[in-house]
Amino acid sequence: MRFFKFFLLAVLFVFGVLFFVQNKDVLGTDMPLVLNTYLGYTWQPAPIPFFFVVVLAFFVGAVACLLCLISDRLRNSMQLRDCRKRIRALEAEVKALRQIPLVEAQETVEASSAKDKNSALPA
């Protein structure tokens with residue numbers, strides 16, 4: 001599975017490099033960004049290359065995905081810890097129940113066998 005993941009990441013990296021190399025002219029053009037608050041304030045930084053916007057969007061998506069995966073991992077580890085704690089408690093309960101003497105069960109068996117002997121006697 002690790003080999004497959006590594007191979008998939010290598011192929012993805014190669015395709016990404018090919019994309020940037022083959023579209024160098026388009027991605028190298030400057031892109032003006034404008035933030036208009038409609039309250040009379042407009043902010044316009046210096047134009048940035050389009051490839052920077054693409055890489056930044058990819059990076060933001062990767063970070064968002066990583067945060068989701070980390071939160072799932074933490075939730076699963078907490079659930080696993082709770083389940084293991086419950087298993088330990090149930091195993092301790094089973095162990096305690098196995099150590100209880102079966103006196104009541106033996107008395108019941110003896111009483112029923114004595115009753116059978118009495119009923120077997122002719123009247």
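Author: Phe3 is exposed, with a relative accessible area of 66%. Here buried means under 20% relative accessible area, exposed over 50%, and partly exposed in between (1.4 Å probe, protein chains only). Before going on: this is a predicted model, where local features need pLDDT of at least 70, side-chain atom pairs count only at pLDDT 80 or more, and totals for chains, interfaces and linings use all residues. Residues are numbered from 1 along each chain as its sequence is written, and side-chain values use heavy atoms, with hydrogens and water left out.

Reader: How many aromatic pairs are there?

Author: Rings of Phe, Tyr and Trp (its six-membered ring) pair if their centres lie within 6.5 Å; planes under 30 degrees apart count as stacked, over 60 as edge-to-face and the rest as tilted. That gives two aromatic pairs. One is Phe3 with Phe7, stacked at 6.5 Å centre to centre with 20 degrees between the planes. They sit four residues apart in helix H1 (residues 2-22), so about one helical turn separates them. Phe7 is partly exposed, at 49%.

Reader: And which residues form the edge-to-face pair?

Author: Phe19 and Phe20, at 5.6 Å centre to centre and 75 degrees between the planes. Phe19 is partly exposed at 40% relative accessibility, and Phe20 is partly exposed too, at 30%.

Reader: In what order do the elements run?

Author: Helices (H or I, at least four residues) and strands (E, at least two) are DSSP runs, numbered from the N terminus. The chain has four helices and four strands, in the order α-α-β-β-β-β-α-α. Buried residues make up 1% of its 123 residues.
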